[in-house]
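Hi,

Here is the structure I promised to pass on.

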Amino acid sequence: GIKNGIPQGIDTFFDVRQIPNPYWVEELKELTGEDQKVIDYMNSFPATQELIDAIVDYLKVFLQELQKSGRGSYVIGIACSGGQHRSVYVADYLANYFKKEFRTSVTHRDTPLLNK
């Protein structure tokens, strides 16, 4: 969550606060971006998929070129306001999307109980 400071040790940072915030919906407030109700809420707004598609399009090109350069690891930070809903969902989405081509892992700094 940006309220806790921009994540340290990252190479690229994406701010996803443009996605409507589930925190302000009482029944979603205590849930996380891994809960289906939260995912359904965020996906009900076209802006969510538009933002994710833009990030994916950028990363497709960038990561391919990075891989050609021989660089070992690359850390991507995803942040929203609190690090509980939007950033969790987008980070998990991206890791799942790119796991076929790249070794991926996700750490949820502000929701450590989600780290597996």
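Predicted model: local features only at pLDDT ≥ 70, side-chain atom pairs only at ≥ 80, totals over all residues.

Residues are numbered from 1 along each chain as its sequence is written, and side-chain values use heavy atoms, with hydrogens and water left out.

Let's start with helix H2, residues 46-69. Helices here are DSSP runs of H or I with at least four residues, strands are runs of E with at least two, and both are numbered from the N terminus. The expected span of a helix is 1.5 Å times one less than its number of residues. Just after H2, Gly 70 has a positive phi of about 85°.

Which residues of H2 are buried? They are Thr 48, Leu 51, Ile 52, Ile 55, Val 56, Leu 59, Leu 63 and Leu 66. Buried means under 20% relative accessible area, exposed means over 50%, and partly exposed is in between (1.4 Å probe, protein chains only). An α-helix has 3.6 residues a turn, so residues three or four places apart point the same way. The buried residues of H2 pack against strand S1 (12-15), helix H1 (36-43), strand S2 (76-79) and helix H3 (86-98). Glu 50 is also in H2, but Glu 50 is exposed, at 53% relative accessible area.

Next, the largest pocket, with a volume of about 1000 Å³. Of its 35 lining residues, the closest to the centre are Tyr 74, Val 75, Ile 76, Gly 77 and Ser 105. On a 1 Å grid over the protein atoms alone, a pocket is an open set of points with protein on both sides within 12 Å along at least five of seven lines, and lining residues have an atom within 4 Å of a point. The volume is the space filled by probe spheres set on the points. H3 gives the largest share of the lining, six residues.

On to the aromatics: a search of the whole structure finds eight pairs. Tyr 97 and Phe 98 have ring centres 4.9 Å apart and planes at 70°, so they are edge-to-face. Phe 98 also pairs with Phe 102, and that pair is tilted, with 6.2 Å between centres and 55° between planes. Rings of Phe, Tyr and Trp (its six-membered ring) pair if their centres lie within 6.5 Å; planes under 30 degrees apart are stacked, over 60 edge-to-face, and the rest tilted. Phe 98 is buried at 4%, while Tyr 97 is partly exposed at 35%. Elsewhere, ring pairs link Phe 14, Tyr 58, Phe 62 and Tyr 74 into a cluster.

Finally, two buried polar residues. Asn 21 sits in the loop between S1 and H1 and is buried at 16% relative accessible area. A polar atom of the Asn 21 side chain lies 2.9 Å from the backbone nitrogen of Tyr 23. Ser 87, in helix H3, is buried at 6%. Leaving aside neighbours within four places in sequence, Ser 87 is in contact (heavy atoms within 4.5 Å) with Val 16, Ile 78, Ala 79 and Cys 80.

Cheers

Definitions and conventions: Polar contact = N/O pair within 3.5 Å; in protein donor to acceptor, adjacent residues only side chain to side chain. 1 Å grid on protein atoms, 1.4 Å probe; cavity = no way out; pocket = protein on both sides within 12 Å on 5 of 7 lines; lining within 4 Å.
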